[in-house]
Amino acid sequence: MAATATVEELNGAPTGTPATVTNVRFCTADDDNPGASYPIPIPDSSSVNSYWKTLRLKFSGSYTQVTNVYIYTDGTSGFGTGITTYIGDETGETYEQATGTPGEDGDEMVTSHTGIDGKTDLFTYTSGSPKEVDTTTISGDPDYAKVIVLQMNVASTATAGTLSAETITWQYDEI
Amino acid sequence: MKSNLKYVWKATYKDRTEFNQFNEDGTENLFGDIEQDELDEFSFNSSLGHTIKLKLKDDMRLICFRRHSMNFMGQNDKIQYVLGYQKTLDGKNVKTMMFIDDEGNVLLSDGVQ
């Protein structure tokens, strides 16, 4: 069998409870499945953040090894004016629970996440220039790639409503 | 999983014995179980009916992997099959690699695409 890859979102304290996810909804709570609860409010001025999302690829099954895990987008955010999706510049093996004020604002990840020193607009990463996630050797059953941290920022110029989904692509090499 | 793969590998050793990715009973052998030092040829056999074969000399080290691209939720997995070799030339590690897509199109590259 080849490696089976699934996406996990980590939430809660202290080490994070993994949940297999088939979509990611940015919200103002530490919740992998908020439904319509905890939307990100559009502020009267400046901007607010979602709670950050901690995600990772899980590999399972019988395989030799996986390496060169990258992530990229189509280069164009369809979320519209005033909405920026960031990815933390650092990937790692350490989880840190998202914090903030539920229903209002998430703490900004560079300021509040001790493992994140910088962030970049996720949609600057494309197939020709993907974001490196993990180039170590992954070989266990199960085993995990390093975690990524995502966060959505919503400015006062954003338009209210549920956003259309965007597709983000994982890439990895398996032998 | 075999039915999902457009290319499966076969290793042919110097003594002409063969080691296939899949055994007759459908069980799979791992790439890591290939005796690299004994390799003479390595081939990708396509479900499209053709074979891509690499003849290995003693100074060539095999490169073989599958590059997966899947959407964020682990769906729509697309696979590129990569076959090539690396060798040390004038003290430098030189790679030659073929990136082969599901339809059999081949891109020859000197590095990771």
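Start with A:V69 and A:D134: the latter, in β10(A), is the bridge partner of the former. Strands here are DSSP runs of E, at least two residues, numbered from the N terminus, and two of them pair if DSSP finds at least two bridges between them.

A word on what you're viewing: it's a predicted model, where local features need pLDDT of at least 70 and side-chain atom pairs count only at pLDDT 80 or more, while totals for chains, interfaces and linings use all residues. Residues count from 1 along each chain as its sequence is written, with chains lettered from A and ligands numbered from 1 in the order in which they are written.

Look for A:E174, which sits opposite B:R66.

Now show the whole open sheet, seven strands with antiparallel pairing: β10(A)-β5(A)-β13(A)-β5(B)-β6(B)-β7(B)-β8(B). β10 (131–134) of chain A and β8 (106–109) of chain B are at the edges, each with a single partner strand, so one side of each has no neighbour in the sheet.

Last stop, chain B: pick β3 (39–46), which is antiparallel to β1 (7–13) over seven bridges. There, B:V8 has B:N45 as its bridge partner. On to β4 (51–55), which pairs with β3(B) through five antiparallel bridges; B:F42 stands opposite B:L54. Finish on B:G49 in that hairpin, with four residues between the strands and a positive phi near 105 degrees at B:G49.
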